[in-house]
Amino acid sequence: MLKCQALVSVFWFCISTTLLGLSLQAEEEGRVEIVRISGVSDMRLCDNASLECEVRPLDSSVWWTFRGYNITEDDRLKVIARESGESVVSTLTIQCATLEDIGNYTCHASSFEWFEDQASQIIPLDLTIPGQVVSTKDVRAKIGGSGNLSCSFTGYPIYQVEWRKANQSIEEPRWKVVFGNETFLETVLPLSRLTTQDNDTYHCSVLSAQGIVSAPVHVFVLDAPQVAIDVVKVVGAHRIFLNWTVNNGNSPIKEYNIMFMKNGTNEWTFTRERVKVTNTSYIIKNLEPDTSYKVKLNAANAIGQGKDYTYPDFLRTLKKDPDIVPVLKFKAGGADFINVGWELPSVEVEDHVHFYELELTNNTTRLNTISIQSADSQNMFVFDKLSSATTYLIRGRACSEYTFQCGNWSEYINGTTMDGVSGPPENVTVICRYDNITRSSVVFVTWTPPSQPNGKIVYYNVVLQGSARFRNEKGVEDHVTWGPKAKNINEKLHSARFDMVPPNTNYSVKVAGVTRIRGGGLEAVQHCHMPPTTPDREKLRSINWGKVEEHGRWLLKLFMPRVSERNGRICCFRVFVTKLEQHQSVADLPPPQDSHIYSYQEVHYNKRGGTYLADMFESDALSSDIFLGDGHTIVSPTNHSACQQCVGLRPRPPTVAPPLPPTTAP
């Protein structure tokens, strides 16, 4: 018993140990674990945020906390749990996130069986507001005055304020931030005892989540205007030209004062007319010829009148106004251009010529063109895009940039463009016709002159070409070309004729006008088809025939080679037999086309003889050996056969009733 008990005791102990191990393993495998937690990045204000927390095992309890408090669902906050395999996924959605939603969110998980079995992980939520400039304020003050430059920015986060002038950073003690919170910042740069050196563009900037945000601000130091005379030029016997540059002192110019003083006097005289405030040049008029003058200028704005600028040298007016009239010459011309030139002005007056106006006129085309050529360029000009073989009138005049005036026009010169390439002839017609008199094929071509001959047409070039497809003597499809054949037609004539051309051919005609440049013009193309005609009779003369006896009957045997269908498709062959009268020869017969056709009965039962249709067959059924008199035809001539459709010699109704054939053999 004891042994047995001992055995039982040991056995029980083993069992107990095994059960304990299983229990511990099951407890370890069922522990709560946060497998994954994820959120969003690069969020902006009022974006929707979504945080996910994946927990094992599937029966775990999951909840969220923020700043130590459990998150409760409302209109903006939603928590949704879903199964994903052996895990549960909890999703926290925050709609239209605000700055108050920024912070750390904690995902908690616990087991339903052991509450002490818990896990948690933290995920941060952040968002940004794009930085932008809200407003800027410039400074506009007189010399010695003061003012504050300011810039306002919004965004989140915004930091690291900086001011710069001329790409140089301004030290921080000179500027300050006057107001700021999480999303707004205003910075000010005070300026005092302003001088002209403070005139500049400054830049204020902050650093935001998207980078540097910057804005320009300006300092306008107000002062009386400053003028400087750049050019003074005598432009005639009574006029002096001057131009200037001005610094308006950051205030609009209200007036200019131009004065001149005659040499030998101490009296300054104002110009009679008021100078426009938009001007930067002026011509002093009504001066005395061959007299020296000195000039000075000042300007005024709202701040005051600036200092006088006196040109240091005296300037002497001319004895008389310069009279510059260019002499134009025709240099060269082409089909669409004309090149003209002129002599350069003399050294004494060349400073008064800055550009030339050139006029090209043609009354026929109603063309009137004004072109400008700088005097600094070559003393020549090319008029282009002109009409061919056209005469133009050309003249020119010299002009001054100082006075904005031009001298007298030159005399007209003629310029004629050369002939160009002719345009295509118009209304081209082509007729392909078979001439019954000459028994030949003819092509007629007519046209009217081109609407744009681009010159004088010397003659017309007419080119005829043809191509044909047909079945040759071997019964094989063949393709041949004809031509080209060209004719030069007098320019007064507008038609051409091509005789003795092949029939059954597609023809194309090209007509072009040739001008005096001897170049071919643009072609006009037309087409026509020459109708077919009768087969070549000479080819039919190659037929051989003779008589043969078969079973006591005499037959006619014909050897008939295939005939070329170059003149047109042969739809049917007809074999006619002529029985001669007594004492009649072949020379007495009329031409085949004039023969009268009778029936077999009329010919053989009439002593006068005659011609009858012995056999007929379509072209596709042609055989080299043909027997006549055997009572058989090669092809039965039905109403639908090609032979019934062809035009040719046909039997005519008999004029006399033929005698009845004998009923018994002789």
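Tutor: A nonpolar core is a set of buried Ala, Val, Leu, Ile, Met, Phe, Trp, Tyr and Cys residues joined through side-chain atoms within 4.5 Å, where buried means under 20% relative accessible area, exposed over 50% and partly exposed in between, with a 1.4 Å probe and protein chains only. The model is predicted, so local features need pLDDT of at least 70 and side-chain atom pairs pLDDT 80 or more, while totals for chains, interfaces and linings use all residues. Residues are numbered from 1 along each chain as its sequence is written, and side-chain values use heavy atoms, with hydrogens and water left out.

Student: Which residues touch the most other members of the largest nonpolar core?

Tutor: They are I34, V55, W64, I71, L92, I94 and Y105, in a core of 27 residues. Two or more residues each come from β1 (33–38), β2 (49–56), β3 (61–66), β6 (87–94), β7 (103–110) and β8 (118–125), strands being DSSP runs of E with at least two residues, numbered from the N terminus. The largest share, 4 residues, is given by β2.

Student: What does I34 touch, not counting residues up to four places away in sequence?

Tutor: With contact taken as heavy atoms within 4.5 Å, I34 touches C53, E54, V55, C107, A109, A119, S120 and Q121.

Student: What makes F260 and Y293 an edge-to-face pair?

Tutor: Rings of Phe, Tyr and Trp (its six-membered ring) pair if their centres lie within 6.5 Å, and planes under 30 degrees apart count as stacked, over 60 as edge-to-face and the rest as tilted. The centres of F260 and Y293 are 6.0 Å apart and their planes 75 degrees apart, so the pair is edge-to-face. F260 lies in strand β20 (residues 255–262) and Y293 in strand β23 (residues 292–300), 33 residues apart.

Student: How do you know that F260 counts as buried?

Tutor: Its relative accessibility is 15%, so F260 falls under the cut-off for buried; Y293, at 4%, counts as buried too.

Student: Why is the pair of W342 and Y356 called tilted?

Tutor: The ring centres of W342 and Y356 are 5.0 Å apart and the planes lie at 50 degrees, so this pair is neither stacked nor edge-to-face but tilted. W342 is buried at 4%, and Y356 at 5%.

Student: Where does K296 lie?

Tutor: K296 lies over the face of W268, at 4.5 Å from the ring centre, and the rule asks for NZ of Lys or CZ of Arg within 6 Å of that centre and within 35 degrees of the ring normal.
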